[in-house]
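Student: I've just opened this one and would like to talk it through. Can you help me see what the labels rest on?

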Amino acid sequence: MSAPRLAFTHTFTPGADPAAKSERTLLLLHGTGGNEHDLVPLGRTLAPGANLLSPRGSVLENGMPRFFRRLAEGVFDEADLRRRAADLADFVAEAAEHYRFDPARVTAVGYSNGANIASAVLLLRPGTLRGAVLFRAMVPLVPDPLPSTDARVLISNGRVDPIVPLAETERLASLLRAAGAGVDVLLQPAGHQLTQADLTAAQAWLRGESVLSS
Ligand code: MLT
């Protein structure tokens, strides 16, 4: 077997019971300017027993890590996005082999730019993620043809987000539903920053409880 490339700088934190190889793994994807450490405490709060795989985005924008290039705020470099989504999907598969977690039980938790790369992976490499929690997410790209996925997705966006226009939430939900995903949408009375309500809802959703779709 060739050595894994594990091409992303990352952290991996095993779940509560490292012997339980079928335990869920959260793929933590930070926002612009973040790093692999940012979302680890959040991941532990959201799913105390899960493995946490947390890569750092390998694109730098004025020194700030991101998961793909953008041409302007909200205007994405689609060729780069496609390539980076493939790289991330490959990384997850290689990490599953290396750390011996179940590649069929990976749920992404992404914030902002991290949510957008998670959606791109859902749409371009649908076998990679069983589900995703997308905080402050927008449509990353519209693939043609659409893939087919049975992923479960929670979109938790802010009603007064200066970066993500309100209409983007419904566009993204419709796109993911058209691809076959089961999508719950929450609109928080918030801007781009996460609030306690985002976390409480995501925690319940990850436990399989229903959250009110708005
Ligand atoms: C960000 O600041 O990260 C944007 O809102 C989302 C993105 O560029 O992917």
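Student: To start, how many helices and strands are there in the protein?

Tutor: There are five helices and 11 strands. Keep in mind that this is a predicted model.

Student: What makes the radius of gyration agree with a compact globule?

Tutor: Set the value against the rule. For 214 residues, a compact globule would come out near 17 Å, and the protein has 16 Å, so the two agree. The C-alpha atoms fill a box of roughly 45 × 35 × 35 Å along the principal axes. Also, 54% of the 214 residues count as buried. Among contacts with a separation of 6 or more, 70% are between residues 24 or more positions apart.

Student: Now the sheet. What is the order of its seven strands?

Tutor: The order is β1-β3-β2-β8-β9-β10-β11, in an open sheet with mixed pairing.

Student: Why do β1 and β11 stand at the edges?

Tutor: Count partners. β1 (10-13) and β11 (182-188) each have a single partner strand, so one side of each is left without a neighbour in the sheet. On average, neighbouring strands here are turned by 15 degrees against each other, direction ignored.

Student: Which strands does helix α3 lie across?

Tutor: Helix α3 (residues 113-124) lies across β2 (25-29), β8 (106-111), β9 (131-135) and β10, at about 140 degrees to β8. Helix α5 (residues 196-206) lies across β2, β8, β9, β10 and β11, and runs at about 175 degrees to β9.

Student: Why are α2 and α3 called roughly perpendicular?

Tutor: The label covers angles from 65 to 115 degrees. The axes of α2 (residues 78-99) and α3 cross at roughly 80 degrees and come within 9 Å. That angle falls inside the range, therefore the two helices count as roughly perpendicular. On the α2 side, the contact is made by Leu81, Arg82, Arg84, Ala85 and Leu88, while α3 brings Ile117, Ala120, Val121 and Leu124. By class, that contact has seven nonpolar, no polar and two charged residues.

Student: Is asparagine 62 buried or exposed, and what makes you say so?

Tutor: Exposed means over 50% relative accessible area. Asparagine 62 has 75%, so asparagine 62 counts as exposed. This residue is in the loop between β4 (59-61) and β5 (64-66). Its phi is positive, about 50 degrees, although asparagine 62 is not a glycine.

Student: And arginine 136, buried or exposed?

Tutor: Here the cut-off is under 20% for buried. Arginine 136 is at 0%, so arginine 136 counts as buried. Its phi is positive too, near 55 degrees, in a residue other than glycine. Look for arginine 136 in the loop between β9 and β10.

Student: What kind of peptide bond joins aspartate 144 and proline 145?

Tutor: A cis one, with omega at about 5 degrees. Proline 145 lies in the loop between β9 and β10.

Terms used. Residues numbered from 1 in each chain as written. Predicted model: local features only at pLDDT ≥ 70, side-chain atom pairs only at ≥ 80, totals over all residues. Heavy atoms only, no water. Pairing = 2+ DSSP bridges. Helix = DSSP H or I, 4+ residues; strand = E, 2+ residues; numbered from the N terminus. Axes fitted to C-alpha atoms, helices over the stretch in contact; angles between N-to-C directions. Contact = heavy atoms within 4.5 Å. Parallel < 35°, antiparallel > 145°, perpendicular 65-115°, else oblique. Nonpolar A, V, L, I, M, F, W, Y, C, P; charged D, E, K, R; others polar. Buried < 20%, exposed > 50% of the residue type's maximum accessible area, 1.4 Å probe, protein only. Rg over C-alpha atoms; globule rule 2.2 N^0.38 Å.
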